[in-house]
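My entries follow in the order I made them.

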Amino acid sequence: MKQRIALLGSTGSIGLQTLDIARARSDRFEIAVLTAGTNWQRLAEQAAEFLPDAVVIADEQWYAPLREALAHLPIKVYAGAEAIVQVVRGGSADVIVNALVGYAGMMPSLAAVETGKKLALANKESLVIAGRQIIDAAERNRAAILPIDSEHSAIFQSLVGEVSPARRLILTASGGPFLRTPKDRLCEVTVEQALRHPNWSMGAKITVDSSTLVNKGFEVIEAHWLFGLPAEKIDVLVHPQSVVHSMVEFEDGAIKAQLGTPDMRLPIQYALTFPERPDYGGARFDFARSSTLTFEEVDDDKFPALGIAYECLRRGGTAPCTMNAANEVAVAAFLQGRIGYNDIVRLIERALEKADFAPSPSVDDYIACDREVRAMVSAML
């Protein structure tokens, strides 16, 4: 029987690569739902190819042209963020691939696990913001969460079959485009430079997050919720080649790592086919041609965002939500040319100083926190 997929964020980088897999393995996968934020033209093209039961465009202003483009096809067309949550809760999909960007992915992730569905998770912000609620709901409803992020997929793969707990998790980071850039030159960074990631092809927002190491900080928080280890047992190492995707150390001193070419189709397919490993058709890593793998510590002075994320994890409550909301507004402003590169982290720090803090938040508290921080940082701009 084919696995029916609800793909949230089908027009982004992860979404496009997920559709590559569905296209190549049509004997195993069927697309039941497609959603996008604003790119209704590409969503319409995808819908015409894959003929899902339903499509959703989050930005309601594009509902009419999308509906008109698909009027000749038996596809239900919806609009709005709440509609995405509703199609997740509906019964037409077996697995939810959450490839949404940022805060928008939180409620769909929660909806997926509350209905007991398998969640293939690329939206790390879901767990950054509401990790406790999502993990608790997954446990109550026996909903599997399979990570798509290459680092968390690597840790998951390294833990499969182990009966002993991990002593330490080691997340690897490429270091981004500014690994060798002196700290005093970061104030000169342009948008174009920040979007030139040396190893990965990703969307604009996550590429900027990778350059500041905000993304790596969020991955530390995500790893805490996925694997249950505290902050002091989650380390980050810079690994410029992006071949070792992450590692797990055990009490006996053994370290297991997952290696491979930097191709997101591998962790996407693993999340969809676990525990099987069918051929995914990508390039194979050749040790003889890539014989040098290097590792180094993160320069915390040059990349303070990682330390800020660790502090948010230790503080808990709404602190990670505050960091995420501030970062989303700041990165958008940077991409629009409204602020400088270093202002991204400065705005995060100011938001954490000024925002209200709830130590034991509910989902409603997260919603209120996100709204408050976005307004606050927008005013700071």
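Which residues are linked with Arg167 in a network of salt bridges? I found Arg168, Asp235 and Glu249 linked with Arg167 in such a network. A salt bridge here is a side-chain nitrogen of Lys or Arg within 4 Å of a carboxyl oxygen of Asp or Glu.

Basis. I note that this is a predicted model, in which local features need pLDDT of at least 70 and side-chain atom pairs count only at pLDDT 80 or more, while totals for chains, interfaces and linings use all residues. Residues are numbered from 1 along each chain as its sequence is written, and side-chain values use heavy atoms, with hydrogens and water left out.

Salt bridges. I looked up the total and got 26 salt bridges. Glu30 pairs with Arg4, with 2.9 Å between the closest N and O atoms. Glu30 lies in strand S2 (residues 29-36) and Arg4 in strand S1 (residues 3-8), so this pair ties together parts 26 residues apart in sequence. Helices (H or I, at least four residues) and strands (E, at least two) are DSSP runs, numbered from the N terminus. Glu30 counts as partly exposed, at 33% relative accessibility. For these classes, buried means under 20% relative accessible area, exposed over 50%, and partly exposed in between, with a 1.4 Å probe and protein chains only.

I then took Glu328, which forms a salt bridge with Arg374 at 2.7 Å between the closest N and O atoms. The pair ties together parts 46 residues apart in sequence, because Glu328 lies in helix H13 (residues 319-335) and Arg374 in helix H15 (residues 363-380). Glu328 is buried at 15% relative accessible area, whereas Arg374 is partly exposed at 23%.

Helix H9. I looked up Asp209 and found a salt bridge to Lys205, the closest N and O atoms being 2.7 Å apart. The two are 4 residues apart in helix H9, so about one helical turn separates them. Asp209 is buried, with a relative accessible area of 1%, and Lys205 is buried at 15%. Thr207 is also placed in helix H9 (residues 204-212). Thr207 counts as buried because its relative accessibility is 2%. Leaving aside residues up to four places away in sequence, Thr207 touches Ala194, Leu195, His197 and Met202, a contact being heavy atoms within 4.5 Å.

Largest pocket. Which helix gives the largest share of the lining of the largest pocket? I found that H9 does, with 5 residues. The lining has 40 residues in total, and Lys124, Met202, Gly203, Ile206 and Asn215 lie nearest the centre of the pocket. I noted its volume as about 790 Å³. By class the lining divides into 13 nonpolar, 18 polar and 9 charged residues. Elements that each supply at least two lining residues include helix H1 (13-24), strand S8 (166-173) and strand S10 (244-250).

Largest cavity. I looked for cavities of 30 Å³ or more and the structure holds 1. The largest cavity has about 40 Å³ of space. Arg315, Thr318, Ala319, Thr322, Leu352, Ala355, Asp356 and Phe357 line this cavity. On terms, a 1 Å grid over the protein atoms alone is used: a cavity is a set of points where a 1.4 Å probe fits but cannot get out, and a pocket is an open set with protein on both sides within 12 Å along at least five of seven lines, lining residues having an atom within 4 Å of a point. Ala, Val, Leu, Ile, Met, Phe, Trp, Tyr, Cys and Pro count as nonpolar, Asp, Glu, Lys and Arg as charged, and the others, Gly among them, as polar.

Definitions and conventions
Grid points are joined across faces, edges and corners, and a volume is the space filled by probe spheres set on the points.
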